[in-house]
Amino acid sequence: MAKNLDPKSFRALMSGWITGIALVTTKDEKTGRNIGIVCNSLTSVSLEPLLISWCVDKKVKSFPDWENAKQWNVHILAVGQEDLVKRFTAPVADRFAGLDISYTDSGLPILPNVETYFTCKTFSKHEAGDHVILIGEVIDYQDSIAQPLTFFRGKFLPGPHA
């Protein structure tokens, strides 16, 4: 039997799909400002070349930054890093304030204590309703996560151990 297909009920339905949590960061080339956003739409796209994708809401304040970003880092969060999610979803002016940020050779911010991240260059962008799908070509990565942080029905949960 068909249900009422409104955005609120659809969002509740999709919250039953367990996801990992990532933070995507970039640097505004003109101002030098660090930019970061929480992402749970990360997926592998291709092995030849190495491509990943994620989606950004057109309504977020940083949307123009992501539209113009040529490179970005995707940080895979581990159990115990819930504070980073809260920091990057809070309505504050500088989400990077007080963090011990390091940088890639190309100047992209790397979050502290994040064991796994991908450095990507924008490969393509695709309109998708109220979001844009960003596809990035992986140009470097570090992989040493022991246990990922996941999200299910509005709650943080530990993922499996490596």
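This is a predicted model: local features need pLDDT of at least 70, side-chain atom pairs count only at pLDDT 80 or more; totals for chains, interfaces and linings use all residues.
Leaving out residues up to four places away in sequence, Ile37 touches Ala22, Leu23 and Val24, together with Trp54, Val56, Val60, Ser62, Trp66 and Phe88. Met14 stands 23 residues from Ile37 in sequence, and the C-alpha atoms of the two are 20 Å apart in space.

## The nonpolar cores

The largest nonpolar core has 20 residues, and the members that touch the most others are Val24, Trp54, Val56, Trp66, Trp72, Val74 and Leu134. Two or more residues of this core come from each of these elements: strands S2 (22-27), S3 (34-39), S5 (50-57), S6 (71-76) and S10 (131-142), and helix H2 (63-68). Another core, of 12 residues, lies apart from this one and includes Ile21, Leu77, Val85 and Ile101.

Leu134 is one of the core members named above. Beyond its neighbours within four places in sequence, Leu134 is in contact with Ile52, Ser53, Trp54 and Val56, with Trp66 and Trp72, and with Ser124 and Lys125.

## Strand S5 and its partners

Strand S5 is largely enclosed by the rest of the structure, because six of its eight residues are buried. S5 pairs with strand S4 (residues 43-47) in the antiparallel sense, over four bridges. The two strands are joined by a hairpin through two residues, and Ser44 stands opposite Ile52 of S5.

S5 also runs antiparallel to S10, to which it is joined by seven bridges. Here Asp57 has His131 in S10 as its bridge partner.

## Thr25 in strand S2

Thr25 lies in strand S2. Its relative accessible area is 0%, so Thr25 is buried. A polar atom of the Thr25 side chain lies 2.8 Å from the backbone oxygen of Pro109.

Pro109 is also among the residues that Thr25 touches, when those up to four places away in sequence are not counted.

How values were computed
Residues are numbered from 1 along each chain as its sequence is written. Side-chain values use heavy atoms; hydrogens and water are left out. A nonpolar core is a set of buried Ala, Val, Leu, Ile, Met, Phe, Trp, Tyr and Cys residues joined through side-chain atoms within 4.5 Å. Buried means under 20% relative accessible area, exposed over 50%, partly exposed in between (1.4 Å probe, protein chains only). Contact means heavy atoms within 4.5 Å. A polar contact is a pair of N or O atoms within 3.5 Å; within protein, one must be able to donate a hydrogen and the other to accept it, and residues adjacent in sequence count only if both atoms are side-chain atoms. Two strands pair if DSSP finds at least two bridges between them.
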